Amino acid sequence: MTKENEFLVSVSEVKFFDPQTNDLILNGKTKLDTSMQQQVQSQVINAGKGSKGIYEYNYQKELTFTVTEATFDLKYLAMQNGTGILRELGDYFADEFITLDSTGKGTLPNTPFGTVHVQADNGEYVQVVPNGNEFTYSALANKEVNVVYAYKEVMDTIKITGDAFPKAVTMVMNADINTHNGKVGEMQIIVPQYKPNGALELSMTAGGVSSTPMTGRALADQKGVYAIVSVKRFDNDIVQVHSLYVDKPELTLEAGLTPADSEQVTVYGQRGGLYGTIQLDNSDLTFTSDNATIAAVDTNGVITLAASANTGDVVMVRVADAAGNRDTVEVTVI
């Protein structure tokens, strides 16, 4: 059966974890854009007539990510700023329209601190000292006026300072893999250390909504890993191998032991191309011994020396898969 064409579709969901506590910091599901870019820095050595390129070596790899949230989320700004979101009393500036009575007195919905700025007939603002949440501007009695004032309110606050910078977090991205028959898998990218670059942007335009973009780079972890890309299959995809090999093609078992000497065999399959080898499940393989009176093998690949085995005996244990791929273990009794 020919494998269908697969497509990595749409944007990915993104999760951020605190690498120290493993707390889930942010679970973003409404993305405009999620992208990964890898760049490799290299140097070409030129020599000879015509300065031909005779060698190229790579000396640096950089992995960057861009995440743009479709909805507004204050947590993205906090991550880029490198600070937490504080819940505290702060100054809130209100811009409201208030109807004055016949004496020019108006009542504000909140109690201001400082002066109230009232828009006069000429369009300019004049400062009026309030009394509690009331103020008086007799020149505009019985009229609706625009006022600007500040009052105290408990709010979520991010303080942008010159000495706060973003911290590295663990980022997990998940994206769907589809064919013409629907979703067949999911790609997952784990970045152990994702470092936002600290660039803040709030783009507020008349023709759209503001988004919260975040760009950063992957830093190598203690094992030198920038990111781990893996694919989970949902379509019962069978991994095919073209050959088998055992981890112990030759082994020795000692006679006269109680219980009888035994050894577990691990079997690997070679997939070919760019695919690495995989460890196979022994229960999916067939194990046979050429002479069970020397050494027997069970369905899990455990080879056990028989009681009748003698020093110097040699027997072949064979392993095969359903596709007919085979390998052998030579067992020598000592």
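# A guided tour, starting at a four-stranded sheet

Begin by selecting the open sheet of 4 strands, ordered E16-E24-E23-E20 with mixed pairing. Strands (E, at least two residues) and helices (H or I, at least four) are DSSP runs numbered from the N terminus, and two strands pair if DSSP finds at least two bridges between them. At the edges you will find E16 and strand E20 (286-289), each of which pairs on one side only. From one strand to the next, the twist averages 25°, where axes are lines fitted to C-alpha atoms, for helices over the stretch in contact, and angles run from 0 to 180 degrees between N-to-C directions.

A word on what you are viewing: this is a predicted model, in which local features need pLDDT of at least 70 and side-chain atom pairs count only at pLDDT 80 or more, while totals for chains, interfaces and linings use all residues. Residues are numbered from 1 along each chain as its sequence is written, and side-chain values use heavy atoms, with hydrogens and water left out.

Next, select E23 and E24, which pair in the antiparallel sense over 7 bridges. Look for Val315, which stands opposite Val331 in E24.

Val331 also leads you into the largest nonpolar core, which has 22 residues; Val267, Ile303, Val329 and Val331 have the most contacts inside it. Strands that each supply at least two residues of this core include E15 (243-246), E22 (302-305), E23 (314-320) and E24 (326-333). Such a core is a set of buried Ala, Val, Leu, Ile, Met, Phe, Trp, Tyr and Cys residues joined through side-chain atoms within 4.5 Å. Buried means under 20% relative accessible area, exposed over 50%, and partly exposed in between (1.4 Å probe, protein chains only).

Now click on Val267. Leaving aside neighbours within four places in sequence, Val267 is in contact (heavy atoms within 4.5 Å) with residues including Leu244, Ile278, Phe287 and Val319. Apart from this core lies another, of 19 residues, among them Val14, Phe16, Met171 and Val191.

Move on to Thr170, in strand E11 (residues 169-179). Is Thr170 buried or exposed? Thr170 counts as buried because its relative accessibility is 17%. Its side chain reaches the backbone oxygen of Pro192 at 3.0 Å. Not counting residues up to four places away in sequence, Thr170 touches Phe16 and Val191, among others.

For the last stop, select Pro259, in the loop between E16 and strand E17 (262-264). Pro259 is exposed, with a relative accessible area of 68%. Pro259 and Ala307 are 48 residues apart in sequence and 10.0 Å apart in space, C-alpha to C-alpha.

How values were computed:
Polar contact = N/O pair within 3.5 Å; in protein donor to acceptor, adjacent residues only side chain to side chain.
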